[in-house]
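This report describes the packing and local geometry of a single structure. The sequence and the model are shown first, and the description follows.

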Amino acid sequence: MHYLMVMALRRKKAYTKALDHALETTRQFPDYPLTHLYAATELQFRGQLQEAQEHYQKAAALGEGIPKVQTAARFGLAATLAKKGDFEAAVVRE
């Protein structure tokens, strides 16, 4: 439901409200990986890359064992690191 609210606000171009709502959900549900994923996406969109990185990392840690969350968090983190100019860290090595 929270994701739908964030997307509805984005469609209305209420980007600040979308970010505020996404961050509020991380406070209400701190152990739910998708809230951090949504917040990271909004932060990255706004250019707040350090905060986005932190939320992507939190989503990845909380979403251990959930492939869909892991994929989205890793991709978002890599994109954020690349935008920050940290190309070495953006490349996943396993």
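## The loop residue K13

K13 is located in the loop that connects α1 and α2; helices here are DSSP runs of H or I with at least four residues, strands are runs of E with at least two, and both are numbered from the N terminus. The model is a predicted one, in which local features require pLDDT of at least 70 and side-chain atom pairs count only at pLDDT 80 or more, while totals for chains, interfaces and linings use all residues. Residues are numbered from 1 along each chain as its sequence is written, and side-chain values rest on heavy atoms, with hydrogens and water left out.

The phi of K13 is positive, about 65 degrees, although K13 is not a glycine. Most residues other than glycine have a negative phi. K13 is exposed, at a relative accessible area of 61%; exposed means over 50%, buried under 20% and partly exposed in between, with a 1.4 Å probe and protein chains only.

## Nonpolar core

The largest nonpolar core has 20 residues, and V6, L23, L37, L43, Y56 and A73 touch the most other members. Such a core is a set of buried Ala, Val, Leu, Ile, Met, Phe, Trp, Tyr and Cys residues joined through side-chain atoms within 4.5 Å. Two or more residues of this core come from each of α1 (2–11), α2 (15–28), α3 (33–46), α4 (49–62) and α5 (67–84). In soluble globular proteins, nonpolar side chains tend to be buried together.

With residues up to four places away in sequence not counted, A73 touches L37, Y56, A59 and A60; contact means heavy atoms within 4.5 Å.

## Helix α3

In α3, 10 of the 14 residues are buried, so this helix is largely enclosed by the rest of the structure. The buried residues are P33, T35, H36, L37, Y38, A39, A40, E42, L43 and Q44, and they pack against α1, α2, α4 and α5.

From first C-alpha to last, the 14 residues of α3 reach 20 Å, close to the expected 20 Å, where the expected span is 1.5 Å times one less than the number of residues. After α3 comes G47, which has a positive phi near 85 degrees.

## Aromatic pair and charge over a ring

The structure contains 1 aromatic pair. The ring centres of Y15 and F45 are 5.0 Å apart and the planes stand at 55 degrees, so the pair is tilted; rings of Phe, Tyr and Trp (its six-membered ring) pair if their centres lie within 6.5 Å, with planes under 30 degrees apart counted as stacked, over 60 as edge-to-face and the rest as tilted. Because Y15 belongs to helix α2 and F45 to helix α3, the pair ties together parts that are 30 residues apart in sequence.

Y15 is partly exposed at 30% relative accessibility, and F45 is partly exposed at 45%. The charged end of R10 sits over the ring of F45, 4.2 Å from the ring centre; this requires NZ of Lys or CZ of Arg within 6 Å of the centre and within 35 degrees of the ring normal.

T80 lies in helix α5 and is buried, with 0% relative accessible area. Apart from neighbours within four places in sequence, T80 is in contact with Q44, L49, A52, Q53 and Y56.

Q70 is also placed in helix α5 and counts as buried at 13% relative accessibility. A polar atom of the Q70 side chain lies 2.5 Å from the backbone oxygen of A60. Neighbours within four places in sequence aside, Q70 is in contact with A60, G63 and E64.

Key: Polar contact = N/O pair within 3.5 Å; in protein donor to acceptor, adjacent residues only side chain to side chain.
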